[in-house]
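Subject: Structure for your review

Dear colleague,

Please find below the structure that I would like to hand over to you. My notes on what was found in it follow directly after.

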Amino acid sequence: MHALANPARFMRLMTAIRPWAALVAVAGLCGGLAWGLLFSPPDYQQGETVRIMYIHVPAAWMGMSIYFAMAVASAAALIWRHPVAELVAKASAPVGAAFTLICLVTGALWGKPMWGTWWVWDARLTSMLILFFLYLGYIALWEAFDDPSRAGRAAAILALVGAVNLPVIKFSVDWWNTLHQPASVMTMEGPKIDPSILWPLVVTAVGAHGYYLWMLCLRVRAEILSRQARILRFSAATDRRAG
Amino acid sequence: MYWTSLGDFLAMGGYAGFVWPSFAVSLLVLLGLGLQSRARLKTAERDHAEARREVGRHV
């Protein structure tokens, strides 16, 4: 991990990973979704709407695991002043927000025909909406300060405080009465769904992780270059003043 | 292949109005973020090159 604190080395690693991440993203997302749309059977209760789950479920996983990654990176940035961790957290937020938005929209589109309503204010849906607002708040905090080091600290603290929401989302279906069904893939006893549904889900989820990594490669590189440009200009200005 | 005809596939058992918008919105969001990320990187690369030129002039 220590070697990765060096931005130049981190950038080289990111550049090397980028084409592979892109390949996994495109192959996994297209393959998994085509599988879910074309080859998997309809559900005996949900009918064809079950196909929405091949997007909804991986998007929900991504929304949560990207937030987890963001919180860990923020902790590393606060505790060890790890220069790259902060930028990884910053670059993750829009990707996590995008997946959470997809989860919310597809959930509503599934809920209307199956539950008879686009939205209910129950624990699972509300905690997921809070996750989306946490992402937006995090992004807004970065923009709210002129000084990037202060913005980074404030945003990192928000990311860490907001992490309490993650177990609330995960266990909301067990702790409260809710319309949302309980976990069926990530359970202590292993997946409880048929392989014909599980496999397209897994392939799509792998593709979604590839997409996250791909976006990180682009966005972290952009963040490092912007920061270097800022430092270059700043040191040139102080040199002029000193000279 | 589960489907027997293109019409069946497009109709999605009567749920076309929910299934297809789900896929369309997801595609748009992921594509949009991808394009925005690429544009952001291009801007940062230009800015970085410009900063190096500026500094080169003053050193």
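In which helix of chain A is the place of A:Arg219? A:Arg219 lies in helix H7 of chain A. Please bear in mind throughout that this is a predicted model.

**A:Arg219 and its surroundings**

A:Arg219 has 26 other C-beta atoms within 10 Å, and therefore counts as buried. Leaving aside residues up to four places away in sequence, A:Arg219 touches A:Ala91 together with B:Ser37 and B:Arg40. A:His56 stands 163 residues from A:Arg219 along the chain, and the C-alpha atoms of the two are separated by 25 Å.

**Where the two chains meet**

In the contact between the chains, 36 residues of chain A meet 30 residues of chain B. On the side of chain A that touches chain B, the elements that give two or more residues are helix H1 (7-39), helix H3 (83-115) and helix H7 (195-242) of chain A. H7(A) gives the most, with 14 residues. Sorted by class, this side of chain A has 23 nonpolar, six polar and seven charged residues.

**Chain A as a whole**

The secondary structure of chain A consists of seven helices and zero strands, and its pattern along the sequence reads α-α-α-α-α-α-α. Its C-alpha atoms fill a box of roughly 80 × 35 × 30 Å along the principal axes. Chain A has 243 residues, of which 41% count as buried. When contacts in chain A between residues at least 6 apart in sequence are considered, 76% of them join residues at least 24 apart.

**Helix H4 of chain A and its partners**

H4(A) has 22 residues. From its first C-alpha to its last, H4(A) reaches 30 Å, close to the 32 Å expected at 1.5 Å a residue. The buried residues in H4(A) are A:Ala123, A:Arg124, A:Leu125, A:Met128, A:Leu131, A:Leu134, A:Tyr135, A:Tyr138 and A:Leu141. These buried residues pack against H2, H3, H5 and H6 of chain A.

The axes of helix H4 (residues 123-144) and helix H5 (residues 148-162) of chain A come within 8 Å and cross at roughly 165°. H4(A) and H5(A) are therefore roughly antiparallel to each other, an angle over 145 degrees being the cut-off for that term. Their crossing is right-handed. From H4(A), the residues that take part are A:Leu134, A:Gly137, A:Tyr138, A:Leu141, A:Trp142 and A:Ala144. From H5(A), they are A:Ala151, A:Ala154, A:Ala155, A:Leu158, A:Ala159 and A:Gly162. This contact has ten nonpolar, two polar and no charged residues.

H4(A) also packs with helix H6 (residues 165-175) of chain A at an angle of about 170°, with the axes 8 Å apart. H4(A) is therefore roughly antiparallel to H6(A). Here the crossing is left-handed. A:Ala123, A:Arg124, A:Ser127, A:Met128, A:Ile130, A:Leu131 and A:Leu134 of H4(A) meet A:Asn165, A:Val168, A:Ile169, A:Ser172, A:Val173 and A:Trp175 of H6(A). By class, the residues of this contact divide into nine nonpolar, three polar and one charged.

Most residues other than glycine have a negative phi.

A:Arg81 is found in the loop between helix H2 (53-80) and H3 of chain A. It has 12 C-beta neighbours inside 10 Å and so counts as exposed.

B:Met12 is found in the loop between helix H1 (6-11) and helix H2 (16-58) of chain B. Is B:Met12 buried or exposed? B:Met12 counts as buried, because it has 20 C-beta neighbours inside 10 Å.

With kind regards

Key. Residues numbered from 1 in each chain as written. Chains lettered and ligands numbered in written order. Predicted model: local features only at pLDDT ≥ 70, side-chain atom pairs only at ≥ 80, totals over all residues. Contact = placed C-beta atoms within 7 Å. Helix = DSSP H or I, 4+ residues; strand = E, 2+ residues; numbered from the N terminus. Nonpolar A, V, L, I, M, F, W, Y, C, P; charged D, E, K, R; others polar. Axes fitted to C-alpha atoms, helices over the stretch in contact; angles between N-to-C directions. Parallel < 35°, antiparallel > 145°, perpendicular 65-115°, else oblique. Left-handed = near helix turned anticlockwise from the far one by under 90°. Expected span 1.5 Å × (residues − 1).
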